[in-house]
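Notebook open, new structure on the screen. I'll jot things down in the order I look them up.

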Amino acid sequence: MTTPLAHDRYCDEILAQADRFGTLLAAGADPGARVPTCPDWTLEDLVRHVGRALRWTEHIVRTRATAEIPMDQVPGIEGPGGRGDADALARWLEESASAVAGALRTAGPDAYAWSWAGRHDAGFWARRMCHELVVHGADAALAAGRAPEPVAPEVAADALEEWLEIVRFVQRALPDGPAKDLRAPGRTIHLHATDADPALNAEWVIELPDEGITWRRGHEKATVALRGPLTSVLLVLYRRLPLDTPEAQVLGDRAVLDFWLEQASFG
């Protein structure tokens, strides 16, 4: 497994990813444009979703919450009052990112903070918000008619591994939940980043036994392999790029990857 990034690096990345959103809006992206990967949302809906997540997290971390906080108790969570104001949306998102990064830095990674994942510390939220912005940043780019920008390799690798951890957590914590059928004993998936420094060891072998998914780093023959640039592999796994994207290559039994994407479709 990856070693999670340094706490300050997550905070820096939160700010950088929020800045990418602002750059899209400043460049003329239409707040009313549909998000192809989240078709019920416009770009404005997406920005508001991300901003609310940041404001909610900031409140949890700053107050050292010991239980879930209702969204309506979080100051500033509604965002700009009007609709369609790209500048106001960008400012609000920037302020939201700055607020959560500040709260996370002040708290430090080990400070207590409730979470939905059973790990109750600020470090969980730094990692989660970083990767929330990475994935939704790809959504925003696609809504603006652009290709998603590459993510720093160490960030993309950590985001990919965090997603595997989330899938495993959902399987174990919610036995009747959305990943309950993600089991295929004897079937394996190999994820292979073709553009990463060998020192990053950006290859994963995922197994799907009845007791829940497992994975390990390494290059091994599998039932199916997904190869491509690391950001593309991450975004395919998150269903932000289609499996037949020219950025990636599928080798072997594609049905196993289709099965994974269908069953792990809650992200």
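I started with a strand pair: four bridges join β4 to strand β5 (residues 249-252), and the two run antiparallel. For my own reference, strands pair if DSSP finds at least two bridges between them. I looked up one partner across this pair, and valine 224 has glycine 252 in β5 as its bridge partner.

Before going on, I noted that this is a predicted model, where local features need pLDDT of at least 70, side-chain atom pairs count only at pLDDT 80 or more, and totals for chains, interfaces and linings use all residues. Residues are numbered from 1 along each chain as its sequence is written, and side-chain values use heavy atoms, with hydrogens and water left out.

Then I checked what else β4 pairs with. Strand β1 (residues 188-193) is joined to β4 by five bridges, and these two run parallel. Here I found histidine 190 opposite alanine 225 in β4. I also asked how covered β4 (residues 224-228) is. Four of its five residues are buried, where buried means under 20% relative accessible area, exposed over 50% and partly exposed in between (1.4 Å probe, protein chains only).

Next I stepped back to the whole chain. I counted seven helices and five strands, and from the N terminus they run α-α-α-α-α-β-β-β-β-α-β-α. The radius of gyration is 18 Å, close to the 18 Å that the globule rule gives for 267 residues, so the chain is as compact as a globular protein of that length. That radius is taken over C-alpha atoms, and the rule is 2.2 Å times the number of residues to the power 0.38. Helices here are DSSP runs of H or I with at least four residues, strands are E runs of at least two, and both are numbered from the N terminus.

I wrote down that the C-alpha trace spans about 50 × 40 × 35 Å along its principal axes. Buried residues make up 54% of the 267.

Last, I picked out aspartate 139, which sits in helix α4 (residues 122-143). Is aspartate 139 buried or exposed? I got a relative accessible area of 0%, so aspartate 139 is buried. Which residues does aspartate 139 touch, not counting those up to four places away in sequence? I listed Val35, Thr37, Cys38, Leu46 and Arg240, with contact meaning heavy atoms within 4.5 Å.
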